[in-house]
Amino acid sequence: MEKRGFEFSFGWLFAIIVGAFILFLAIYGVTRILDTGRDVESAKTGKEIGILLNPLETSFETAESVLLTMPVETRIYNRCEEEGFFGRQVIKISQKSFNKWKETDIDIGFKNKYIFSDGFEEGKNFFIFSKPFEFPFKVTDLVYLTSIKKEYCFADASDEVKEELEELKQGNLLVENCTEKSINICFETSGRECDVIVNENLKSVKKNASIVYYETDALMYAAIFSDKGNYECQISRLMKRTDELLNLYDEKNSILSGRACSSNVDLISFKSIINDIQNSEQLVGATAELNELEIQNDRADCKLW
């Protein structure tokens, strides 16, 4: 009897061990499937964001805004890479599941996108607006990504900036009735606390104790909404694109010259300046040449752009 009881207990013990192992494999398999599903969903979401940006990249001169809505709490990571011919814009998605952030290793890259934001934006709803960057011809459209949770106060901005933001009708960009939680964008430092300081004389933006420089309003917005690392990287990418477009305009200039319609625009000097720009501070040094190039093109019988 004692021997049978021992054998009976051992059989149950063996069954429990085997059952636990099978259960472990089942749970592990389901977890892997869920993780794979999340990776696939993150990759799909990243590509959908890229597709969503396409209608914003227009030839219009005005800024445009759209609302991006996610089904769950989401973090959109923004990374810029300089390597390569035009560099690369990288988007990475992390979403909340069972009250925990689920990270993925999948990056979605675009060679023709230029997104400005902090390192990541978090929420279920995001605003995306774009504005053409002209230097002096149109180079591309810059895209600004912000969470709807963040409010930006432009109370003392110029009338021109206020008018543009009012026409944009983007709910988190305020020109009046700012709240205590607003991020204060100061164009004049008197009278209120400043989270971001825009110096229009020096063409600089100070944010988180870092200073970057801009040329044109499109880059001013970029400096306001972006962190320094992303901003400087995107400047490098934009100069690469500008340089390549200068090559195309130079070819166009040669064709026009052959037709006795020379534009007399000095692209070579400007191209040399573009190649020397290594950071945003050097943008300001290109201002005089930039203005002269615009004047030359406006006066030409056959305009290049």
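**Note on charged side chains in this predicted model**

1. Asp-118 and Lys-207 form a salt bridge, with their closest N and O atoms 3.2 Å apart. The two residues come from distant parts of the chain, 89 residues apart: Asp-118 is in the loop between β5 (115–116) and β6 (120–134), and Lys-207 is in strand β12 (residues 204–207). A salt bridge here means a side-chain nitrogen of Lys or Arg within 4 Å of a carboxyl oxygen of Asp or Glu. Helices (H or I, at least four residues) and strands (E, at least two) are DSSP runs, numbered from the N terminus.

2. The model is predicted: local features need pLDDT of at least 70, side-chain atom pairs count only at pLDDT 80 or more, and totals for chains, interfaces and linings use all residues. Residues are numbered from 1 along each chain as its sequence is written, and side-chain values use heavy atoms, with hydrogens and water left out.

3. Buried means under 20% relative accessible area, exposed over 50%, and partly exposed in between (1.4 Å probe, protein chains only).

4. Lys-150 and Glu-121 meet in a salt bridge of 3.2 Å, N to O. This pair also links distant parts of the chain, 29 residues apart, with Lys-150 in the loop between β7 (138–147) and β8 (152–153) and Glu-121 in strand β6. Lys-150 is partly exposed at 22%, whereas Glu-121 is buried at 0%.

5. Lys-203 and Glu-215 form a salt bridge, their closest N and O atoms being 2.8 Å apart. Lys-203 lies in the loop between β11 (196–199) and β12, and Glu-215 in the loop between β13 (210–213) and α3 (217–225), so the pair ties together parts twelve residues apart in sequence. Lys-203 is partly exposed at 23%; Glu-215 is buried at 5%.

6. Which residues form the negative surface patch? They are Asp-159, Glu-160, Glu-163, Glu-166, Glu-167 and Glu-176. Patch residues have over 30% relative accessible area and no salt bridge, and like charges are joined within 9 Å. One of the patch residues, Glu-163, lies in helix α2 (residues 159–168) and is partly exposed at 46%.

Conventions:
Patches are made of residues with over 30% relative accessible area and no salt bridge: like charges are joined within 9 Å, nonpolar side chains (Val, Leu, Ile, Met, Phe, Trp, Tyr) within 5 Å. Accessible areas come from the Shrake-Rupley method with a 1.4 Å probe; for residues, only the protein chains shown count as cover. Lys and Arg count as positive and Asp and Glu as negative; His and the chain ends are not counted. The place of a charge is taken as NZ of Lys, CZ of Arg, CG of Asp or CD of Glu.
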